[in-house]
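Here are a few exercises to work through with the model open beside you. Grab a pencil and try each one before you read its solution.

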Amino acid sequence: MMRISNTVKHLLIINVLMFIGTLFVGKGVLFYDLFAMHFPANEAFQPWQIITHMFMHGGADLNNLSLMHILFNMFALWMFGTPVEQVLGSKRFLFIYFSAGLGAVALQVGYYYFDYYAALSGIADLNMNSDMISKIVSIDASEGQYIKGEILSRQMMPILAEYNFDPSLIKQDEFKAMFDMNVIARNTMVGASGCIMGILAAFGMMNPNAELMLIFLPIPIKAKYFIPGIIILDLISGITGQSFFSPSNTAHFAHVGGALTGFLIMWYWKKTQFNRNRWY
């Protein structure tokens, strides 16, 4: 069995501790509010979430416990992170790991902002105060797994009254735009997937002929084909909204952003710093 490297071990411990904290402190709500990555237009957003969300994992609450997210990510971190760290060393490994996480945030949030500003243009004629908009898009209008327009409409009223805004000015199209903005702004990002996709890309560049398999498709495929294939599927899923192997709420563009960041860093290092023989 492959021995775990030091940095990977510490990352595993931190992720598990954060999962346990999410599970048992504040029934999952407290840790998610503080440490999950909220959309920047949401009032719950804090700058530290750009980093802390990388150690959070979904489904960590007593009513809806799901271990698959963290188990799969930690298995991938051990499997691919250890050989990458053994070659690169801890400092370069951590640089790729966190850079990939930041690249994942940048691409996913950038995608959200594209949709957010498209919806925002739909209420431009209302000349709403930016603080009022921030409060409206931060409303929790969810019931179970769904966000409901009637809840949003009801909870908007006190905010509109606070700013002396006439609700009759909001027609059907404007309300739909606000609803879309609320849905986008209520999105949160959690998980080490972006970081791990960067490590996976690094592993593929270091070991292009290593044979990998999907758990449910035990056919060996070389890394130089397997990893680009996974990234392409994530890109297709992000564009179409159709998930192939992951839950529907997966941040697919985060995976693509992490993988692309890891690839670019390794490509630059391979070109400028490493002797070719050190890659094998």
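**Exercise 1.** Does F55 count as buried or exposed?

*Solution.* Keep in mind that this is a predicted model. The cut-off for buried is under 20% relative accessible area. F55 has 11% relative accessibility, so F55 counts as buried.

**Exercise 2.** Work out which kind of aromatic pair F55 and F98 form, and what the pair ties together.

*Solution.* Start with the geometry: the ring centres of F55 and F98 are 6.2 Å apart, with 55 degrees between the planes. Edge-to-face needs over 60 degrees and stacked needs under 30, so this pair of F55 and F98 is tilted. F55 is in the loop between α3 and α4 (68-88), while F98 belongs to helix α5, so the pair ties together parts 43 residues apart in sequence. Last, check F98 itself: its relative accessible area of 24% makes F98 partly exposed.

**Exercise 3.** The structure holds 15 aromatic pairs. Take F39 and Y112 and classify their pair.

*Solution.* The F39 and Y112 ring centres sit 6.4 Å apart and the planes make an angle of 75 degrees, so call the pair edge-to-face. Now for location: F39 lies in the loop between β1 (37-38) and α3 (49-52), and Y112 lies in helix α5 (residues 90-120), so parts 73 residues apart in sequence get tied together. F39 is buried at 2% relative accessible area, and Y112 counts as buried at 14%. To finish, zoom out: ring pairs link F39 and Y112 into a cluster with Y111, Y113, Y116, Y117 and F253.

**Exercise 4.** How do the axes of α1 and α5 cross, and which residues meet there?

*Solution.* The axes of helix α1 (residues 6-24) and α5 come within 10 Å and cross at roughly 40 degrees. Therefore α1 and α5 are oblique to each other. On the α1 side you'll find T7, V8, L11 and N15, which meet S90, F93, L94 and Y97 of α5. Sort the α1–α5 contact by class and you get five nonpolar, three polar and no charged residues.

**Exercise 5.** What does A44 contact, leaving aside its neighbours within four places in sequence?

*Solution.* First find A44 in the loop between β1 and α3. With those sequence neighbours set aside, A44 is in contact with D33, H38 and Q49. A44 is also partly exposed, at 26% relative accessible area.

How values were computed. Residues are numbered from 1 along each chain as its sequence is written. This is a predicted model: local features need pLDDT of at least 70, side-chain atom pairs count only at pLDDT 80 or more; totals for chains, interfaces and linings use all residues. Side-chain values use heavy atoms; hydrogens and water are left out. Rings of Phe, Tyr and Trp (its six-membered ring) pair if their centres lie within 6.5 Å; planes under 30 degrees apart count as stacked, over 60 as edge-to-face and the rest as tilted. Helices (H or I, at least four residues) and strands (E, at least two) are DSSP runs, numbered from the N terminus. Buried means under 20% relative accessible area, exposed over 50%, partly exposed in between (1.4 Å probe, protein chains only). Axes are lines fitted to C-alpha atoms, for helices over the stretch in contact, and angles run from 0 to 180 degrees between N-to-C directions. Angles under 35 degrees count as roughly parallel, over 145 as roughly antiparallel, 65 to 115 as roughly perpendicular and the rest as oblique. Contact means heavy atoms within 4.5 Å. Ala, Val, Leu, Ile, Met, Phe, Trp, Tyr, Cys and Pro count as nonpolar, Asp, Glu, Lys and Arg as charged, and the others, Gly among them, as polar.
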